[in-house]
Amino acid sequence: MRIAVYAFDGITMFHLAAPLLVFAEVRRLGPAPDWQTRLWSDRAGSVCTAEGYPIGEVTGPETVDWADIVIVPSWPMPPRPIGADLKRKLRQAHARGAVIAGLCLGAFAVADAGLLDGRAAVTHWEAMPLLAERCPGTEVDSSVLYIDHDDVLTSAGTASAIDACLHLVRKHLGSAIATRVARYLVVAPHREGGQAQYIERPLARPATDTAIAEVLEWALTRLDEPLTVDRLADRARMSRRSFVRHFRQATGTTPARWILTRRLQEARALLETTAWSIDAVASACGFGSSATFRQNFTSAFATSPTAYRRQFASRPQPLVPRRT
């Protein structure tokens, strides 16, 4: 995997470092030593970060022709129009099959290149109205941390770039390796929810946060059991309506969506690390039948559980499923 990260004068060090750090860990930990990352800019030489630090030995636009993934990790604020040369390079890379990723405000550059027309996209919550106004053909979605169209990816603000990069690792190397990278970086392997939880608004009461957090922890040990909204609400000692409202405030998603996502995550881990039958995995993860499991898995990951295991399994062990 060859990854080209775009740098420009005035970029913040954090935005530039996020993809470099994630993909460097992939290489350092050993599962994919051939992953390579290069910094490039509109011209070879150096760039100066927003903090005033020079970064030398940045390659020129020819690096785009080398890359499998081209990342624009940020963009100036207020967002200036993309230059003709950068636009041409992004479009050429996309046309030959490279993945184009606009992280945080980098979504503006991807949109200006015409790669988000008729598609959903996400960016920093503060810039969402600007993106919607500037690109009326793009559906701006505030409910997610990143959106992957396979050939084009955008992510929400700042730290969500790490989530998006971990997603790329998970997509190409499997969830076990993505989790290992996340563990070394001391970040969550996979975060759900959207910008709503980060937009400025009154904070929820600590007692509510504690109640929801306790329910989440409790549910994670019972994924093989029926976990209805009513059961979760009873556990939180709330009415169904109040629980759903507080749950969305705390996680950015619905209880049903959160449970389904956790079950699918657990299923992926079991497919990668065990030799359990598909029926056993489905049962251990709380799906009513293997058919329901296959339908949800294929819908979420565009592949079957069997094909996923074939691609990502690493010496599965013939363990016997057991309840936690």
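**Basis.** I worked from a predicted model, in which local features need pLDDT of at least 70 and side-chain atom pairs count only at pLDDT 80 or more, while totals for chains, interfaces and linings use all residues. Residues are numbered from 1 along each chain as its sequence is written, and side-chain values use heavy atoms, with hydrogens and water left out.

**Largest pocket.** I took a pocket to be an open set of points on a 1 Å grid over the protein atoms alone, where a 1.4 Å probe fits, with protein on both sides within 12 Å along at least five of seven lines; lining residues have an atom within 4 Å of a point. I noted a volume of about 1100 Å³ (the space filled by probe spheres set on the points, which are joined across faces, edges and corners). I found 35 lining residues, with Tyr146, His167, His190, Ala300 and Phe301 nearest the centre. α11 supplies the largest share of this lining, six residues (helices are DSSP runs of H or I, at least four residues; strands are runs of E, at least two; both are numbered from the N terminus). I recorded 13 nonpolar, 13 polar and nine charged residues in this lining (Ala, Val, Leu, Ile, Met, Phe, Trp, Tyr, Cys and Pro count as nonpolar, Asp, Glu, Lys and Arg as charged, the others, Gly among them, as polar).

**Second largest pocket.** I noted a volume of about 590 Å³ for this pocket. I found that 24 residues line it, and that Pro189, His190, Leu220, Arg262 and Gln265 are the closest to its centre. α11 gives the most to this lining, with eight residues.
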